[in-house]
Amino acid sequence: MKLIRVADAAQAGKVAAEIIAQKIKSCPDCVLGLATGSTPIETYNNLVQMYRQESVDFFRVRAVNLDEYIGLGAEHDQSYAWFMRQYLFDHVNIDPANTYIPNGLETDSDKECRRYDAVIESLGGIDLQLLGIGPNGHIGFNEPADTFAKGTHRVDLTEATIAANSRFFESIDQVPKQAYSMGIQNIMHARQLLMVATGENKARAVRDAFRGAITPWVPASVLQLHPDFTLIADEAALSLVLDKL
């Protein structure tokens, strides 16, 4: 595991964008695994700025997203498909045909999970996967559980995750209760993993994931086993790790 300490979320987003841009430059048709939520917004803002400065080209990039809410279509303003268009896809020259996100309106979950796993396989796997971490240690929507989920699967979101995501909705009652998510195996098969963690509210998750045992009750703890994993974190997120990793 490689740790990059940063001052704040703004610097974290800049550093993460530079790493992603370098991957694109070295492999123009790379497959990027992308994340949503508040954490990657700074990263995407920096990537858009770099594109406008002509320092990175997305024309041949392929992108697969970690997850999508079940019950929300791609045009819903709280769907992750909409999020990706708002913060990245509509502002760079990526081909929409090369962007892949689970279909939140597919009611046959087994069919959709098989389809999405097949998409990832058809692309040759993920070259670089961007991750955040939830306060309970989840990655993607892999919630604490008895076992690690392997492939794409339907997830019943925990109350903690629903509460955390309610800030994006008018009320907590509007937050979807289920999602499609890549599994731990999908994530761990990515050739390079990059996580951004900032803020005091992520400190416990960072401590439990990277200074504790590897357990499905802290899904991010499995990342300790990945051969090319980088954590970008600020001092607030590292505040409970006494030896600073």
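1. **Before you start.** This is a predicted model, in which local features need pLDDT of at least 70 and side-chain atom pairs count only at pLDDT 80 or more, while totals for chains, interfaces and linings use all residues. Residues are numbered from 1 along each chain as its sequence is written, and side-chain values use heavy atoms, with hydrogens and water left out.

2. Helices (H or I, at least four residues) and strands (E, at least two) are DSSP runs, numbered from the N terminus. Buried means under 20% relative accessible area, exposed means over 50%, and partly exposed is in between (1.4 Å probe, protein chains only).

3. **An open sheet.** Look for the sheet of 3 strands in the order S4-S8-S7, paired antiparallel; two strands pair if DSSP finds at least two bridges between them. Strand S4 (67–69) and strand S7 (153–156) are at the edges with a single partner strand each, so one side of each has no neighbour in the sheet. S4 and strand S8 (residues 178–181) are joined over 3 bridges, with Asp67 opposite Ser181. S7 and S8 are joined over 4 bridges, and Asp156 has Gln178 as its bridge partner in S8.

4. **The largest nonpolar core.** A nonpolar core is a set of buried Ala, Val, Leu, Ile, Met, Phe, Trp, Tyr and Cys residues joined through side-chain atoms within 4.5 Å. The largest one has 44 residues, and Leu47, Phe58, Leu88 and Ile232 touch the most other members. Helix H1 (9–26) is among the elements that supply at least two residues each, and H1 gives the largest share, 7 residues. Leaving aside neighbours within four places in sequence, Ile232 has contacts (heavy atoms within 4.5 Å) that include Ile4, Ala12, Ile19 and Val196.

5. **A buried loop residue.** Thr36 lies in the loop between S2 and H2. Its relative accessible area is 16%, so Thr36 is buried. Not counting residues up to four places away in sequence, Thr36 touches Asn65, Asp67, Tyr80, Phe83 and Met84.

6. How many disulfides does a search of the whole structure find? The search finds 0, a disulfide being a pair of cysteine sulfur atoms within 2.5 Å. For Cys27, the nearest cysteine sulfur is that of Cys30, 5.2 Å away. Cys27 is partly exposed at 23% relative accessibility, whereas Cys30 is buried at 0%.

7. **Salt bridges.** The whole structure has 6 salt bridges, each a side-chain nitrogen of Lys or Arg within 4 Å of a carboxyl oxygen of Asp or Glu. Asp29 and Arg60 form one, with their closest N and O atoms 3.9 Å apart. This pair links distant parts of the chain, 31 residues apart. Glu112 and Arg115 meet at 2.7 Å, N to O, and both lie in helix H4 (residues 109–122), about one turn apart. Finally, Arg204, Arg207 and Asp208 are linked in a salt-bridge network.
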